[in-house]
Amino acid sequence: MGDRIPVHMNGDFQYDIVMEMTFDGLERELHEFGLQGRRICIVTDSNVAALYLNEVEAVVSRCCRETSHFIFPAGEENKNLDTVRSLYEVLIKRQFDRYDVLLALGGGVVGDLCGFAAATYLRGISFIQVPTTLLSQVDSSIGGKTGVDFDAYKNMVGAFHMPKLVYTNISALKTLSPEQFSSGMGEVIKHGLIRDASYYHWLKDHASMIHARDLEHLKEMVKISNHIKREVVEKDPTEQGDRALLNLGHTLGHAIEKLADFRLLHGHCVGLGCIAAMAISIHRGLVQEEELTRLYELMRDFDMPVTVSGLSSHDIVSLTKNDKKMDSGAIRFILLEQIGKAYVDKTVTEAEMSKGLIPILA
Ligand SMILES: NC(=O)c1ccc[n+]([C@@H]2O[C@H](COP(=O)([O-])OP(=O)(O)OC[C@H]3O[C@@H](n4cnc5c(N)ncnc54)[C@H](O)[C@@H]3O)[C@@H](O)[C@H]2O)c1
Ligand SMILES: O=C(O)C(=O)C[C@@H](O)[C@H](O)[C@H](O)COP(=O)(O)O
Ligand SMILES: [Zn+2]
């Protein structure tokens, strides 16, 4: 049996994150839920379906009455209400009831969309996360933020809906493209920056093994990130306060992601946003200037972009006004007090954001 991290909300047990090296253990976990009389619909995208659907469907079919699947074209541009609508139509046609289950097999796009459909179909049914990208294994499968983009505004429509289980097969990371792996490192570095300086330095020390996708190093990394994310979401499941720290790099990152028409990957935009947030923290005298060089080096170790071309600082800053972290006209911006310690600041001005963007606008 692999590693298991229980997640509690408001003191009560909610679900386990289970980490293994194959999909086989999913059978044992599903049997725990007694789903023999239920239907399970596996929601996945076109790329993941080609790689893993047969294998996972075979495991799932041993644990429930009926297994089916819903496949949509891969890509952030399909994380929208049109795809959710198609999924609702399929569920209605298959007469899915309130006790049937959705299983998200894929990256953060699949998990966010499937979770949102689960949160809203029949006012809420159960869902299970089986994350297959680095980004989804370290971040998006945990904590119950579900949702879709609307008119390309990121995650504009969504709900908090906790999964019943997160089942992570680390070895699935072997088939991920280098670009997608590098994108996942954006959220990993974010975890170190907001919560754990020793983890941040560990990433630097083990960069070559992580880059080579040594499975033991990946497992260790996913585990530490999972502990960090779990600790934050347990204390503040619906982002009334400190959960916002997980948004380091996202206020500007989401604006860049939309303005670049999703040509840039989410984790890469988060990385760029982290550089800008660190630059603002340095301008405020909170963080030493040499930390920016260290961050560049770390991002380069993982082939992450450190600049973006063709975007204007004015457009990026203007778009932050649509950010979900707006609070009575002020943005709840995440800054660094030091490496490993972030805080929410409502006083960051547009001028500071523009200045913070200078290092990344090529
Ligand atoms: N809910 C949250 O807390 C949260 C946290 C972070 C990010 N997100 C969201 O997650 C999304 C990004 O997720 P992502 O980076 O996983 O992107 P993604 O889901 O688009 O997956 C990236 C690509 O990798 C492919 N893929 C998936 N697993 C694979 C595998 N094992 N081998 C080969 N190819 C594989 C997919 O088909 C896709 O083309 C964004 O929409 C972002 O907003 C949500
Ligand atoms: O779980 C969270 O909380 C996060 O903020 C994790 C982020 O990495 C993720 O991208 C999230 O979807 C962003 O949330 P949003 O509310 O800013 O859309
Ligand atoms: Zn993110």
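At roughly what angle do the axes of helix 11 and helix 14 cross? That one gets its own view below, and every view here comes from a predicted model.

**View 1. Helix 11 crossing helix 14.** Here's the answer: the two axes cross at roughly 115° and come within 8 Å. The crossing of helix 11 past helix 14 is right-handed. On the helix 11 side, the contact is made by Ala 276, Ala 277, Ala 279, Ile 280 and His 283, and helix 14 brings Glu 352, Lys 355, Gly 356 and Leu 357. Sorted by class, that contact has five nonpolar, two polar and two charged residues.

**View 2. The shell around ligand 1.** There are 31 residues around ligand 1, and the ones that come nearest are Asn 47, Gly 107, Gly 108, Thr 133 and Ser 140. Several elements supply at least two shell residues each, among them helix 2 (46–61), helix 4 (108–120), helix 5 (134–140) and strand 8 (153–160).

**View 3. The annotated binding site.** An unreviewed UniProt entry places a "binding site" feature at Glu 187, His 250 and His 266. Those positions are spread over 80 residues of sequence, yet they cluster in space, with a largest C-alpha distance of 10.0 Å. Glu 187 sits in helix 6, and His 266 is part of helix 11. His 250 belongs to the buried residues of helix 10.

View 4. Why does Glu 187 count as buried? Because 27 other C-beta atoms lie within 10 Å, and 20 or more is enough for the label. Beyond its neighbours within four places in sequence, Glu 187 is in contact with Leu 135, Val 138, Asp 139, Gly 267 and Val 270. His 266 is buried too, with 24 C-beta neighbours inside 10 Å. Again leaving aside neighbours within four places in sequence, the contacts of His 266 are Gly 108, Leu 135, Ser 183 and Glu 257.

View 5. Helix 10 (residues 250–259) has 10 of its 10 residues buried, so the rest of the structure largely encloses it. The buried residues include His 254, Glu 257 and Lys 258, along with Leu 252 and Ile 256. What's covering them? The cover includes strand 8, helix 11, helix 13 (313–319), strand 11 (330–331), strand 12 (333–338) and helix 14 (350–357). After helix 10 comes Asp 261, with a positive phi near 55°.

Conventions: Residues numbered from 1 in each chain as written. Chains lettered and ligands numbered in written order. Predicted model: local features only at pLDDT ≥ 70, side-chain atom pairs only at ≥ 80, totals over all residues. Near = placed C-beta within 6 Å. Helix = DSSP H or I, 4+ residues; strand = E, 2+ residues; numbered from the N terminus. Buried ≥ 20, exposed ≤ 12 C-beta atoms within 10 Å, placed from the backbone. Contact = placed C-beta atoms within 7 Å. UniProt positions renumbered as here; feature names shortened; annotations may be inferred. Axes fitted to C-alpha atoms, helices over the stretch in contact; angles between N-to-C directions. Left-handed = near helix turned anticlockwise from the far one by under 90°. Nonpolar A, V, L, I, M, F, W, Y, C, P; charged D, E, K, R; others polar.
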